[in-house]
Amino acid sequence: MAYTVITGASSGIGYEAAIAFAERGKDLILVARREEKLEELKSEIQQQHNVDVVIKSADLAEPENVHAFYEDLKTYTLETFVNNAGFGNFDPVAEQDLDKIQKMLRLNVEALTVLSTLFVRDYENQEGTQLLNISSAGGYNIVGGAVTYCSTKFYVSAFTEGLAQELQGKGAKMRAKVLAPAATETEFMKRSFDVEDISYEGNVPQYHTAKEMAHFLLDLYDSNKVVGIVDGETYEFHLKDPIYPYVERSTK
């Protein structure tokens, strides 16, 4: 029995990705801060699909929780790891709430890097394993008013693309891939703007639903490409080879 791990599974893309992988018959390990939301998701999945669903409540913005969470996974065999947990922020740099920004950096960058590293270390030579990191169209274009958030996603994109080529270069069996959504109907805007609620309808000219994005994630999963990216103008989804330049280190 091999599991698909999804972080940030209590809502949005993570929630819908869990359902989409369950439809494929994949056993799941789901993690998020809100245990009650995970319980709801587990119940919904198991009413429809004969899969095992393990839930774990953890705030991965706290470094000690990241290592403890991965240690908990040692009793399971893993197949796919989806680093989806993350959040955004919209403020001019000089007006940023640094407590929020530091938490965003720990979650979007540090936790993703640590979990990716540990997963690769343990599973890079296991046939069929995949690491799927969730970036953003803002990981390829800087959006005004969201400079720091976009910078975290530039990191995710560059790190994952580079890792993909590193794995390929040494003949590893694992594949690393990066999904770059544009505006998606999730809790993203609510947390980015620190508001109780905000509607995408009427406020965002174009967007995908979280369910649509989860199915784009599966398209990427099924493909031999490294990048799955939404065009910010047409909102079409494209599967691509690595976008950032990659230079092999010279040994001379």
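**Close-up views of rings, cavities and a pocket**

**View 1. Phe119 is buried, at 0% relative accessibility.** Buried means under 20% relative accessible area, exposed over 50% and partly exposed in between (1.4 Å probe, protein chains only). This is a predicted model: local features need pLDDT of at least 70, side-chain atom pairs count only at pLDDT 80 or more, and totals for chains, interfaces and linings use all residues. Numbering starts from 1 along each chain as its sequence is written, and side-chain values use heavy atoms, without hydrogens or water.

**View 2. Phe119 pairs with Tyr123 in a tilted arrangement.** There are 8 aromatic pairs in the structure (Phe, Tyr or six-membered Trp rings, centres within 6.5 Å; planes under 30 degrees apart are stacked, over 60 edge-to-face, the rest tilted). Between Phe119 and Tyr123 the ring centres are 5.3 Å apart and the planes meet at 35°, so this pair is tilted. Both residues belong to helix 4 (residues 98-123). They are 4 residues apart there, which puts about one helical turn between them. Helices (H or I, at least four residues) and strands (E, at least two) are DSSP runs numbered from the N terminus. Tyr123 is buried, at 13% relative accessibility.

**View 3. Tyr140 and Tyr244 form a stacked pair.** Their ring centres lie 5.3 Å apart, with the planes at 20°, so the pair is stacked. Tyr140 sits in the loop between strand 5 (130-134) and helix 5 (147-169). Tyr244 sits in the segment after strand 10 (237-240). The pair therefore ties together parts that are 104 residues apart in sequence. Tyr140 is buried, with 13% relative accessibility. Tyr244 is partly exposed, with a relative accessible area of 23%.

**View 4. The largest cavity has a volume of about 50 Å³.** The structure holds 2 cavities of 30 Å³ or more. On a 1 Å grid over the protein atoms alone, a cavity is a set of points where a 1.4 Å probe fits but cannot get out; a pocket is an open set with protein on both sides within 12 Å along at least five of seven lines; lining residues have an atom within 4 Å of a point. Points join across faces, edges and corners, and a volume is the space filled by probe spheres set on them. Thr7, Leu60, Asn83, Asn84, Ala85, Leu107, Ala111, Leu112 and Leu115 line this largest cavity. Helix 4 supplies the largest share of its lining, 4 residues. The lining of the largest cavity has 6 nonpolar residues (Ala, Val, Leu, Ile, Met, Phe, Trp, Tyr, Cys, Pro), no charged ones (Asp, Glu, Lys, Arg) and 3 polar (the others, Gly among them).

**View 5. The second largest cavity holds about 30 Å³ of space.** Its lining consists of Glu16, Ile19, Ala20, Glu23, Lys211, Ala214 and His215. Helix 1 (12-23) and helix 7 (210-222) each give at least two residues to that lining. Helix 1 gives the most, with 4 residues. By class, the second largest cavity is lined by 3 nonpolar, 1 polar and 3 charged residues.

**View 6. The second largest pocket has a volume of about 190 Å³.** Its lining counts 13 residues. Gln168, Arg175, Asn224, Lys225 and Val226 lie nearest the pocket's centre. Helix 5 and strand 6 (175-180) are the elements that contribute two or more residues to this lining. The lining of the second largest pocket divides into 6 nonpolar, 3 polar and 4 charged residues.
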